[in-house]
Structures are given as structure tokens and as C-alpha cells.
Amino acid sequence: MKKIVTILLLTIVAATMVIMTSIPTSMAPVVADPAIVLSSNIPGDATFGALPPNATNEQKLLAIQGDFDIYSWNTFIALNWPPGPDGNGDPNKTIGQDGDNDTVWEHYRDVADIFLPGGATPTYNGQTSVPAQCKASFKPGMRILSQVGKTPTVLTDFSQPFNTGPLIDQNGNYTRYEILVNKPMFDYILANKLYSKAGQKAFQGEVAFPCGGPTGPEGAIMVKSAWKVISPADRGRFHTETVLVYSPASQNPKYPASCSTKLMGLTGLHIGHKTDSASQWLWSTFEHVDNAPTEADVASKKFKNKYNYYNPKCTAANCPPNQVPPRPWNPTKVSAFHSQVVRMNMFKGNEFAFQSAAARNADALKLLLGVNAKSVWQNYELISTMWPTNTGKCQATPGDPLGTPAPNFLANTTLETYIQGMVPNASSNCIECHNNATMTNAKPSDFTYILQRAQ
């Protein structure tokens, strides 16, 4: 029997912060037991189980976070499901059955092929834009990675948020990024001609991407991914793709455009989904388990033998953590500087986020290993899900445009490496940061920066 979640007030007092959350009755129906499942169906929204009897406020918040984290894992599984000929998940296949597999989200439209020169009209299944330097090596279906930051800008692709700098792995190679959108998001951009500056100037009203519902189709989805160069010997630990890595010409420092074929391994995946229960979008962030140690690991000196972005043998004095690489930045060359990344504890006072993610990761791992003990997907973990605790159905509550997010801060070490922490208005907060996004005419763009790429 479906019921409606009604929580008048949740108050969590921890450390130096107080979270006051109100879950409106319009969020989503209660289901018997939300669970992580092996399914090719992308959930349109989170669903919620009944709260524990006589639960404390802390227990209620933990339970709700758990439901959002279940949603995140189900989204991750469906997006990484082997696709059929139409690009959707093939129900006759299973994620990881062959160890690794092509994925649904990799057939979404790259933003580079949406915002075309001269404001030309894009197509969802159109040809990939291939730079001249890549044409000799390009084969149909190949992807081209050029960004050296998750937030592309008109002038440079070198920055993570707030122009903090690139991420360089332990072999001296620059991490590459891409941003893709699903068809509902693409269709909205196309229908409203938001792919061009002229179209944005003529657009009337407010940008409002479609929302997914708990029993309906998915809403607008953005996927941001981070990749590192790997050796063939490491294929078994990563989702991999052979792609073209393109670096446009630069004047400072000066180097010509170049393009080369590389075997890349996925190290970070950030999923934003606009839903009925989150007009500010739901933000799910996943990482490779070998990316970096935590602050607690460093303090206890409990290290793995090898990390993607950390050298256990280098002291803090010689390799200070989370430092922006010194200029000049030249992604065409192997760098002598290697990023020494440590995952900072951003959940102080929000321990429910850490507890929930750990429990859901354990549940997902059992399922993935049950498919194939050699599944590469066992090497990815949910960091957390950020959600607005105060929101109406596909619209923000008046007077609270951010929706009072929980947890308060959330960062992916590959995507927000240098803005981890718990400093208001400075440290990574998905909803707060994306609330500043605008179109090329400075009008709000519904929590996405990609519309700034319009030409």
C-alpha cells in the first residue's frame, strides 16, 4: 500500500551545526522496502520506506539518506548497464557479466556536440565533432576527451570549479573530463533553442528542465566523468575505454594542438538528476576505490599499496596534500608534479551521510560480485547523495531556493579536488554552487553551467 511520507520536522544537532529539515508530503510515495536492484531501469526519482517506529530525529535522517543513496546506486547501476541498439539498457544483459561493458550514459550527447560553432542546430544522434588533429585516428563510435576540468568555459577547459587547476595522476598524466546529457535534457535545450546565444536571448520565462517522477520516466540527467590514462595490465580494476585525447593549441604556455589514442580508466562519476523531489536536482557522486586515502587513513598510516592520486611513500612535507599544480600547465607532456590527494572529512556533524553510504556500498558490492567476481564495477563506491530537504514537487519552496541541502557539503576528489572541506560559500556544495549557474545572458539556467557554452 502506498502512503505519503510526512515528517514535520527533523532536527539534528551535531558539532557546530544544526540541520533543520522538513520533508513535504509531495516528495514521493512510501514503498515497502526500497532496495538496490540489478535493473536496467533508470529510477525517475527516489522512493521512501516507512520510518522506524519511535525513531529519533537522527535515525529518521539516516533512514531518509539511505533511501536517497539506494536511489543513487540504482541510478549508477542502470546508467552503467550494457546498452542495446537504441542506447537504452538491454534487459537481456547484466552489468559486469563480462567483467566490463559499454554503458548507457556513454551514449548520451556530449556537450561539445550540442553547443556548436555559430549556434548551429544540434542533433541527438548526430556525428561527433572531430578536431583536425584527430581525424587520422578517429574511428566511428570513438569518444574524444579534451577537457582538463569538469566545468568547461568559453575561454579555457583547464579549470575545476573556481579555476583551481587540473588534476595530475601518479604517473604525471593529466586527468580528462567530459560532460554528457540524456535525451530529455537535450530535447529541452533543442525545443527552446538554448543551444545558441541568439536562442537564449530570445527565450522567455525561466529555464526549467523536466523532472522525473517516482513512477514515471527519468527527468533531465547530466553525467560528469573523470578519466586517467592506464596500462593494459590495469584493465581488470577500471571501467575502460580507448579514446582520442585531444589538447587544443595554447599560447601560454605555448604548444600546438595534439591528439593521441589512449586507454583510459574511469575514476570519477558525478550524476545530476532533476526530479519531483528535488527541483534543485539530486546529486550522486561515485569514485574509484583506489583514488585517494582519507584523512583518517593518513593519520593512522593505513595505506593501500597504490593509489590513483596519492603516493604513500611521500611525506606531507615533500608532497603536501590537495595542492593545485604549479603553472605552467601543459597536458601534452608528462608532468613532474603529481597530485597528492587526500579525501577530507566533509561529513562532520553529518555522520549520517558517511554511515548510509558505507551500508549501501556493502549492499551493492554483494550484488555486483554475485554477477561476476571479476566485475570492474565492484571497484566503484558511492561517496554520498546530496538532496534538498525542503522542496515542493518539481519546484523550490518559496523563500528557500537551495532547499536546505543535506549533507551540508559533498565533494568528489576527482572533480572538486581542491575545494573539499566545510567552509560555507567556499567548500564544495553541489546545490549551492550550481545555483549560481547562468546562461550567456546572465539569466539563471536551472542549476547547470553547460548553457554558458552556447555560441
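A residue is called buried when its relative accessible area is under 20% and exposed when that area is over 50%, with partly exposed in between. The legends below use these words for a predicted model.

**Figure 1. Close-up of the salt bridge between Lys-274 and Asp-446**. The closest N and O atoms of the two residues are 2.8 Å apart. Lys-274 belongs to strand β10 (residues 258-275), and Asp-446 lies in the segment after α6 (430-434). The pair therefore links distant parts of the chain, 172 residues apart. Lys-274 has a relative accessible area of 4%, so this residue counts as buried. Asp-446, at 10% relative accessibility, is buried as well.

**Figure 2. Close-up of the salt bridge between Asp-169 and Lys-228**. The N to O distance between these side chains is 3.8 Å. Asp-169 is found in the loop between β4 (144-145) and β5 (176-181), whereas Lys-228 sits in strand β6 (residues 221-229). Asp-169 and Lys-228 are both buried.

**Figure 3. Close-up of the salt bridge between Asp-234 and Lys-306**. Here the closest N and O atoms are 3.5 Å apart. Each partner lies in a loop: Asp-234 between β6 and β7 (240-247), and Lys-306 between α4 (295-300) and α5 (351-371). The partners are 72 residues apart and join distant parts of the chain. Asp-234 has a relative accessible area of 23%, which means that this residue is partly exposed. Lys-306 is exposed, at 54% relative accessibility. In the whole structure, a search finds 11 salt bridges. In general, side chains of opposite charge can pair when their charged atoms come close.

**Figure 4. Close-up of strand β5 and its partner strands**. Six of the six residues of β5 are buried, so the strand is largely enclosed by the rest of the structure. Arg-176, Glu-178 and Leu-180 point one way from β5, while Tyr-177, Ile-179 and Val-181 point the other way. Strand β3 (residues 109-110) pairs with β5 in the antiparallel sense over two bridges. Within this pairing, Asp-110 has Leu-180 of β5 as its bridge partner. Strands β5 and β6 also run antiparallel and are joined by six bridges. Ile-179 stands opposite Lys-224 in β6. Glu-178 also takes part in a network with Glu-106 and Arg-143, formed by salt bridges that share partners.

**Figure 5. Close-up of the largest nonpolar core, with Tyr-108 and Ile-189**. This core has 80 residues, and Tyr-108 and Ile-189 are those with the most contacts inside it. Helix α1 (residues 57-79) supplies the largest share of the core, 10 residues. Beyond its neighbours within four places in sequence, Ile-189 is in contact with several residues, including Ile-114, Phe-115, Phe-209 and Leu-451. Another core, of eight residues, lies apart from the largest one; among its members are Ala-226, Ala-292, Tyr-309 and Leu-415. In soluble globular proteins, nonpolar side chains tend to be buried together.

Figure 6. Ala-373 is placed in the loop between α5 and β12 (380-388). Its relative accessible area is 59%, so Ala-373 counts as exposed.

Note on methods
Residues numbered from 1 in each chain as written. Predicted model: local features only at pLDDT ≥ 70, side-chain atom pairs only at ≥ 80, totals over all residues. Heavy atoms only, no water. Salt bridge = Lys/Arg side-chain N within 4 Å of Asp/Glu carboxyl O. Helix = DSSP H or I, 4+ residues; strand = E, 2+ residues; numbered from the N terminus. Buried < 20%, exposed > 50% of the residue type's maximum accessible area, 1.4 Å probe, protein only. Pairing = 2+ DSSP bridges. Core = buried A, V, L, I, M, F, W, Y, C linked by side-chain atoms within 4.5 Å. Contact = heavy atoms within 4.5 Å.
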